[in-house]
Amino acid sequence: MDSTFRRTGNIHLQDLIDGLLSGNRAFLSKAITLVESKRSDDKKLSAELIDQILKPTNKSFRIGITGVPGVGKSTFIEAFGKMLTAIGKKVAVLSVDPSSNRTKGSILGDKTRMDELSKDPNAFIRPSASGSSLGGVAHNTREAILLCEAAGFDVIIIETVGVGQSETLVKDMVDYFLLLMLAGGGDELQGIKRGIMEMADHILINKADRDNLKAAKRAREDYKNAVHLFPPNEAAWEVPVGLCSAIEKTGVKETWGEIEKFLSQTKSNGWFDENRKRQALKWFHERIQARLEDHFYSKPEIKQEIKKREELISSQKLSVRKAVDELFKD
Ligand SMILES: Nc1nc2c(ncn2[C@@H]2O[C@H](COP(=O)(O)OP(=O)(O)OP(=O)(O)O)[C@@H](O)[C@H]2O)c(=O)[nH]1
Ligand SMILES: [Mg+2]
């Protein structure tokens, strides 16, 4: 039994590729597991896999969705995803979750929140990318996006929690960045930084239903005013501020309407392609940096050399500059 056979879950790489390209979701799952693997023989196979499925495609559309925990991202994706499959789209949902303390429970919770979508034959849901660092998670997610596209999914949704650096990572891998907000929380309370609002291509106030509707309408006016003060974005896109209720499924079609407008505008003004090109180049350089770092720190002698110098630096017997020069001497 060759190692290729064993490491792809008892199927040959070529069969995995054929299954993936035919849109088989079980094969897609296996392929994502393979690219997430840290084993060096798996990494070789993954590289081959990615290389073989990579063909230029402009067919797909990648949407990032963020917002504080509990804002309703998963519930929204369920409603939005079902609406998309109903109009004939194939939808893949991936999630980026930088918090390592998230339990299996909430992943199960997500599955139930996306209950209908997860049963839909035209949808694929992958709860969480794994990785030892945020950069690793981002890398795995980017490759998972490529695999989903190769499997024929035309809308790829990436859900991420609105806390910390993960927004920037997701922004760099999507065509459209949707920020879900709540009415009445106030920006500080919602933990959403101005920088994240500025990154958004669309602000959507969720839970605009029942007793909350009035407050949501007021919040929409506030956010509209705020958005006007932001510097214009490179896409020359006027950021819409909308209302929705993921539970009552209102504002969902309208959201897709805005996205279609964005698509046609940015495909004709060139931003869509330009943005993807820039993202690919940025990814390329990030990977070079990660590789250099791995290469350096994995040298067996380097740990000790670093430790020695850490002590000298702490006791002010060695300058940081000299220490670094010494480490890179040869
Ligand atoms: N009233 C109302 N409740 C909603 C709406 N959308 C979501 N909820 C509720 O809000 C809670 C959180 O929803 P989720 O979809 O899990 O939120 P999330 O943003 O995915 O949360 P995390 O994945 O934990 O960050 C659930 O109890 C939902 O039922 C909505 O439009 N209206
Ligand atoms: Mg969620």
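**Magnesium site and salt bridges in a predicted model**

Author: The protein donors of the magnesium ion (ligand 2) are Ser-74 (OG) and Glu-159 (OE), which lie 2.1 to 2.4 Å from it. This is a predicted model, in which local features need pLDDT of at least 70, side-chain atom pairs count only at pLDDT 80 or more, and totals for chains, interfaces and linings use all residues. Residues are numbered from 1 along each chain as its sequence is written, ligands are numbered from 1 in the order in which they are written, and side-chain values use heavy atoms, with hydrogens and water left out.

Reader: What makes Ser-74 (OG) and Glu-159 (OE) donors of the magnesium ion?

Author: Donors are N, O and S atoms within 2.8 Å of the metal (3.2 Å for Na, K and Ca), and 2.1 to 2.4 Å meets that limit, so both atoms count. Water is not among the atoms, so the site may look incomplete.

Reader: Why is the contact between Lys-282 and Asp-172 called a salt bridge?

Author: The term requires a side-chain nitrogen of Lys or Arg within 4 Å of a carboxyl oxygen of Asp or Glu; the N to O distance here is 2.7 Å, so the pair qualifies. Lys-282 lies in helix H14 and Asp-172 in the loop between helix H9 and strand S5, so the pair ties together parts that are 110 residues apart in sequence.

Reader: How do you know whether Asp-172 is buried or exposed?

Author: Buried means under 20% relative accessible area, exposed over 50%, and partly exposed in between (1.4 Å probe, protein chains only); Asp-172, at 16%, is therefore buried, whereas Lys-282, at 41%, is partly exposed.

Conventions
Helices (H or I, at least four residues) and strands (E, at least two) are DSSP runs, numbered from the N terminus.
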